[in-house]
Amino acid sequence: QVQLVESGGGLAQPGSSLTLSCAVSGVSLDEYAIAWFRQAPGNEREGITCINTRDQSSVVIDSVKGRFAMSKDYSKNTMYLQMNSLKPEDTADYFCAAGPGCYEDGMTYWGKGVPVTVSS
């Protein structure tokens, strides 16, 4: 059974940092593209960043470029999302995912999400 479990969310002040973790079991991360998504209240889910497995190329949306960075530890089968300089508009539920590639509908496996609230 494949499971992706996010952790590390919570309340953060504007300008602060949080690191989200996604522990994966049932599949090996090194065989899949990996990604983080988020969904703010009333909004559609959006992809934040994705790393392709074949060439390790990555994509990042403009609104978090320079502030968020994804990393992975294959030995722990875990991916991370380092979020710096948080803004209130970063408030959302954050999801990790894994799948064949960094393209539309390219994710097969999903975590249940973890809330992040940025507020003073």
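Does N77 count as buried or exposed, and at what relative accessibility?

Mentor: The model is predicted, so local features need pLDDT of at least 70 and side-chain atom pairs count only at pLDDT 80 or more, while totals for chains, interfaces and linings use all residues. Residues are numbered from 1 along each chain as its sequence is written, and side-chain values use heavy atoms, with hydrogens and water left out.

N77 counts as buried, at 16% relative accessibility. The term buried means under 20% relative accessible area, exposed means over 50%, and partly exposed lies in between (1.4 Å probe, protein chains only). N77 lies in the loop between β7 (68–73) and β8 (78–83). Strands here are DSSP runs (E, at least two residues), numbered from the N terminus. Leaving aside residues up to four places away in sequence, N77 touches C22, A23, V24, S25, V27, S28 and L29; contact means heavy atoms within 4.5 Å.

C22 is joined to C96, with an S to S distance of 2.0 Å. This pair links distant parts of the chain, as C22 belongs to strand β3 (residues 18–25) and C96 to strand β9 (residues 92–99), 74 residues apart. The link of C22 and C96 is right-handed, with 65° about the S-S bond. C22 counts as buried because its relative accessibility is 0%, and C96 is buried with a relative accessible area of 0%.

The other link is formed by C50 and C102, whose sulfur atoms are 1.9 Å apart. C50 is in strand β5 (residues 46–51) and C102 is in the loop between β9 and β10 (109–110), 52 residues apart. This link of C50 and C102 is left-handed, with -85° about the S-S bond. C50 is buried at 7% relative accessibility, whereas C102 is partly exposed at 24%. With bonded cysteines counted along the chain, the pattern is 1-3, 2-4.

C102 also belongs to the lining of the largest pocket, where F37, G47, C102, Y103 and M107 are the closest to the centre of the 19 lining residues. A pocket, on a 1 Å grid over the protein atoms alone, is an open set of points where a 1.4 Å probe fits, with protein on both sides within 12 Å along at least five of seven lines; lining residues have an atom within 4 Å of a point. β5 gives the most to this lining, with 4 residues.

A nonpolar core is a set of buried Ala, Val, Leu, Ile, Met, Phe, Trp, Tyr and Cys residues joined through side-chain atoms within 4.5 Å. Of the 28 residues in the largest one, L20, W36, F68, M79, L81, M83 and Y94 touch the most other members. Among the strands that each supply at least two residues of this core are β3, β7, β8 and β9. A second, separate core of 7 residues includes A33, A35, A97 and M107.

How values were computed
A disulfide is a pair of cysteine sulfur atoms within 2.5 Å.
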